Amino acid sequence: MSKSDVKAVIFDLDGVICSTDIYHEKAWACLCTSYGIPFSHEVNNLLRGIGRKESLDIILAQAGMSFPEDVKDKMLQYKNNLYRSFLEEMTEKSVSEDVLSTLHSLKKRYPLAIGSSSRNTRLILSRIGLSDFFDAVCDGTCIRRSKPDSEVFLKAAALLGIPPTSCLVVEDAKSGIDAAFSGHFISAGIGDAALSDKADFRIRRLSDLLNIL
């Protein structure tokens, strides 16, 4: 890949731009305690990059339990209310200097977008002071299928008006790398996603993108 191949960069939000993992895990743990569902850090790791409904299905499958759909709907609302209350702790300081400086450097050269399965993406961007920073935002309110489906990235690319083959997706979850791969995107894996053999590049920190590009 040459520098000229990339015309835009699409970022996952959680774990890439900022970290909300602790709030997700805390909210799921509270929910599971309330309903007597076994939950662990290992189970939580299976939920990375996965939508809320799909995450609950994974939790219940791991526990060998099931609930009626109307109860599951109440459970999902309860979890989301808890999660949103925990997000109140986030501020502009929740974004590292490495991330901020990298974003500002890239914005001078490329259109930038967010491609996240979270329905709370715009709330999070507001809390961390990046509401108006990105050229396009595609989140869980815009899609029907969560990662590893490539829908969220395809729609983000369409909003930018740039074909997938010219977009670099930055992901921290293997499901996100799978989504990028199936959508014919170039991808860079950070964190757990760097272990995926489908990632075109592997980075330790966001500023490593400046070397790639």
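By class, the lining of the largest pocket splits into 14 charged, 14 polar and seven nonpolar residues (Asp, Glu, Lys and Arg count as charged; Ala, Val, Leu, Ile, Met, Phe, Trp, Tyr, Cys and Pro as nonpolar; the others, Gly among them, as polar). This is a predicted model, where local features need pLDDT of at least 70 and side-chain atom pairs 80 or more, while totals for chains, interfaces and linings use all residues. Residues are numbered from 1 along each chain, and side-chain values use heavy atoms, without hydrogens or water.

Look at the middle of that pocket: of its 35 lining residues, I50, G51, R52, S117 and S118 lie nearest the centre. A pocket here is an open set of points on a 1 Å grid over the protein atoms alone, where a 1.4 Å probe fits, with protein on both sides within 12 Å along at least five of seven lines; lining residues have an atom within 4 Å of a point.

Now for the inside. The largest nonpolar core has 37 residues, with F11, I17, I128, F134, V170 and L209 making the most contacts inside it. Such a core is a set of buried Ala, Val, Leu, Ile, Met, Phe, Trp, Tyr and Cys residues joined through side-chain atoms within 4.5 Å, buried being under 20% relative accessible area with a 1.4 Å probe, protein chains only. Beyond its neighbours within four places in sequence, I17 is in contact (heavy atoms within 4.5 Å) with residues including F11, V99, I128 and F134. Apart from this core lies another, of 17 residues, A8, F153, L160 and A179 among them.

Key
Buried < 20%, exposed > 50% of the residue type's maximum accessible area, 1.4 Å probe, protein only.
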